[in-house]
Amino acid sequence: MAENNKNNKDQLEDISEIKDKKIQIPKELPILMLRDIVVFPYMVIPLFVGRDKSKKAIDHSLASHRMILLLTQRHMETEEPKREDVYEVGTVALIMRMLKLPDARVRILAQGLVRAKITGLDEDKPYYSAGVEVINEPEGAAKSIEIEALVRNARSGLEKASSLGKDIPPEVMILASNIEEPGRLADLTAANLELKVNEAQRILEIADPSTRLKKVYELLTRELELLDVQSKISSEAKGEMDKLQKQYFLRQQMKAIQKELGEGSEIQEEIKSYQDQMKKLKVSQEVQEELEKQIKRLSQMHPESAETAVVRNYLDWMFALPWNKSTVDNLELKSAKVILDEDHYGLDKLKERILEYLGVRKLSKKIKGPILCFVGPPGVGKTSLGRSIARALGRKFIRISLGGVRDEAEIRGHRRTYVGALPGKIIQGLRRVGSDNPVFMMDEVDKIGADFRGDPSSALLEVLDPEQNYSFRDHYLGVPFDLSKVMFITTANLLDPIQPAFRDRMEVLRLPGYTEEEKLQIALRHLVPKQLEENALDEKLISFTPGAIKKIISLYTREAGVRNLEREIASVCRKVARKVAEGKKKLTKIASKSLESYLGPPKVFKDQLLKKDQVGVATGLAWTATGGEILFVETTKMKGKGALSLTGSLGDVMKESAQAGLSYAKAHANELGIKSHVFSQNDFHIHIPEGAIPKDGPSAGVTIAASLISVCSDLKVKWDVAMTGEITLRGNVLPVGGIKEKVLAAQRAGVKTMILPLANKKDLIDIPKKAKKEMQFIFVEEVNEVFKHALVKNATQKSKS
């Protein structure tokens, strides 16, 4: 058996001298049968021989002239070929080397010499042999232009075939460029075209060099066309390949690569896990399509690429969100009321609103979550009330602080194009609690900022609009999420900084502050037990008397809430805890008399009224962020020309109120019993103490007028009367705000009579019953009525009246 194992480097053998050597070809030669190859003259090729007859033919050749005839079988499967099983024309070759292999085969290196034709086949010998007739090529023929053109075309064709990807060694290209004979060039070209056996045999049987080169060039041209088409197909295959076939091909390649790298199993398990979760998920069609798209993308990615981590993170977020996962509401109104009362004292209006929502929720399951805004000073319990509402409803509670937030992406999330992108705080909170109907509290909405990165307040308009938030679209998720079941609660200290459109979305509930009695109850029920627990104390080691708590409230804190009150109680508890740690385990009773030994001297001065009636000093009331306060308006006159001076860090509105009061006094001097020369011969100075504190607002109008009229008419102002209201030039008294806080401040100071605008009578509904009992309320429409009740009449005026 002979098989081909081409070694192109062997073609570098010096075959240029074969033609010059006058080699005598014997009349009879041993034959080596070839199965699937045709050997051309001047071709050097290694052959592996396995058949016994072929090995004996080689032995005979090596023992004599080293020549052998290489004949190709018509059918390679034939083991014992006959005369009709072989072609008649073959190549006489010279055996250059021979090597016996361990597997009993023989390897020879043969060099083709000339074409030869067999005249008969002897099959009786131990090896095949035959009479041979050498086929000589015509010599000495002049080269025509046609032959020269054929030679050049053949050379350029080989070069083009090499450039199109044909595997032609550089050594062959060098040989081709140096060969001038058309016959040898034809044989060299044919040997490197990888022709079929029958095509190569036909070339071998053509004796005329020019005819042979023409035929070879035809085959070379066909090969070039095939190579050109193959190149086009390869370049266009990516675009024209069927989508499913392409995906299958790439997927199989990816699997093979992953298998080699040992990386395939982990990501496949992840994809299978995502697909299993997908089957259990109850989401809209849009969300489902997006998830399927991202899972397919993940399956086509390399496990270590950065994009894979982005897609995996996105899918983790999507599957972790509470799609249609809700907690069951506690619809028992009585138990909800008990919980609200346990956690907070007072705040009846807010509790009533929550119970109303629960009542409607019990009757209808389609009700949308309310959007409440708790407005009040610091420390009144806005945040803790939200937590208490969640407990009463049986819902989960989320709290985020929006103070100082300036980036819109904090609400709507970052787009996935950014490295480290995440959803906004809304979606993050929902994932954290695992429910789509929690109580979601947003603290400090009045302190939201805005800059070039966007306005978070505007982004919240969609979140807090019941008509829009059922399809809230976070930038990171890219699909709608239903927020309509969420109960949103926002908190703020002031309403003014909140954007009007944003404020319009919310139902505002005010927490103005606590009365002294409410603070006392809050301290006894909540603050003291909490601090005893935090400081590892119990009722056997420390006790607070109500008097001590009241003293802390009035002399150590000044606030609308109870935050500082809790700090002062904590300070007392820490000092007692130190004594206990030192071994003094007796009951320590905190009374009002012993309080200074724990907290030091009083930190604030209680608002105190004047002890007697005075001319030019009227008691007014002001609203602050920490509650209400009393203030005194002092007026004096001095020799001058009617100028008005205002001091005490007064704002424009308060200055205008003073000017309006003076103008009214001048216009109605006769009615008020004021001599006309008083205004022309005197200057007036109005001062409001605590000058370092800025003051503004219209509510001090009646107080300034009363103080001014008192000076002009030399009538004293009653010391236990406080007043508030805005005045006009016509003498009308207009309503003002903050009535509850002002009344509570007056009560703390010991005011007995309170003068209020008639339009504010409706606000008494918010006043605690205790304050209503202790104080007398006078409602006025005109400033003359204020003077009547606030000024002390002298004996002359009494006799006239």
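## Helix packing, aromatic pairs and selected residues

In helix H19 (residues 546–556), the buried residues are Ala548, Ile549, Lys551, Ile552, Ile553, Ser554 and Tyr556. This is a predicted model.

### Helix pairs

Two packed helices are described by the angle between their axes and the distance between the axes.

Which residues of H18 meet H20? On the H18 side they are Lys519, Ala523, Leu527, Val528, Lys530, Gln531 and Leu532. On the H20 side they are Leu565, Glu566, Ile569, Ala570 and Cys573. By class, this contact has eight nonpolar, one polar and three charged residues.

Helix H2 (residues 145–163) and helix H4 (residues 182–191) form another pair. Their axes come within 10 Å and cross at roughly 25 degrees. H2 and H4 are therefore roughly parallel to each other. H2 passes H4 in a left-handed crossing. H2 contributes Ile147, Val151, Ala154, Arg155 and Leu158 to the contact, and H4 contributes Pro182, Leu185 and Thr189. The residues in this contact of H2 with H4 divide into six nonpolar, one polar and one charged.

### Aromatic pairs

How many aromatic pairs does a search of the whole structure find? The search finds five. One of them joins tyrosine 274 and phenylalanine 319: the ring centres are 5.6 Å apart and the planes stand at 10 degrees, so the pair is stacked. Tyrosine 274 sits in helix H8 (residues 264–280) and phenylalanine 319 in helix H10 (residues 306–320), so the pair ties together parts that are 45 residues apart in sequence. Both tyrosine 274 and phenylalanine 319 are buried.

Tyrosine 314 and tyrosine 476 have ring centres 5.8 Å apart and planes at 55 degrees, so this pair is tilted. The pair links distant parts of the chain, 162 residues apart. Tyrosine 314 is in helix H10, while tyrosine 476 is in the loop between strand S11 (472–473) and strand S12 (480–481). Both tyrosine 314 and tyrosine 476 are buried.

### Two buried residues and their contacts

Tyrosine 314 has 0% relative accessibility, so it counts as buried. What does tyrosine 314 contact, leaving aside its neighbours within four places in sequence? The residues are Glu290, Gln294, Arg416, Tyr476 and Leu477. Tyrosine 314 and alanine 421 are 107 residues apart in sequence, and their C-alpha atoms are 9.5 Å apart in space.

Threonine 491 lies in strand S13 (residues 487–492). At 2% relative accessibility, threonine 491 also counts as buried. Not counting residues up to four places away in sequence, threonine 491 touches Phe374, Lys382, Met441, Met442, Asp443, Glu444, Val445 and Asp446. Threonine 491 and leucine 402 are 89 residues apart in sequence, with a C-alpha to C-alpha distance of 9.8 Å.

### Relative accessibility of selected residues

| Residue | Relative accessibility | Class |
|---|---|---|
| Tyrosine 314 | 0% | buried |
| Threonine 491 | 2% | buried |
| Tyrosine 42 | 19% | buried |
| Aspartate 714 | 51% | exposed |

Tyrosine 42 is not a glycine, yet its phi is positive, at about 70 degrees. Tyrosine 42 lies in the loop between strand S2 (28–34) and strand S3 (44–49). Is tyrosine 42 buried or exposed? Buried means under 20% relative accessible area. Tyrosine 42 has 19% relative accessibility, so it counts as buried.

Aspartate 714 is not a glycine either, and its phi is positive at about 55 degrees. Aspartate 714 is placed in the loop between helix H25 (701–713) and strand S22 (716–717). Exposed means over 50%. Aspartate 714 has 51% relative accessibility, so it counts as exposed.

Methods: Residues numbered from 1 in each chain as written. Predicted model: local features only at pLDDT ≥ 70, side-chain atom pairs only at ≥ 80, totals over all residues. Heavy atoms only, no water. Axes fitted to C-alpha atoms, helices over the stretch in contact; angles between N-to-C directions. Helix = DSSP H or I, 4+ residues; strand = E, 2+ residues; numbered from the N terminus. Parallel < 35°, antiparallel > 145°, perpendicular 65-115°, else oblique. Left-handed = near helix turned anticlockwise from the far one by under 90°. Contact = heavy atoms within 4.5 Å. Nonpolar A, V, L, I, M, F, W, Y, C, P; charged D, E, K, R; others polar. Phe/Tyr/Trp six-rings, centres within 6.5 Å; stacked < 30°, edge-to-face > 60°. Buried < 20%, exposed > 50% of the residue type's maximum accessible area, 1.4 Å probe, protein only.
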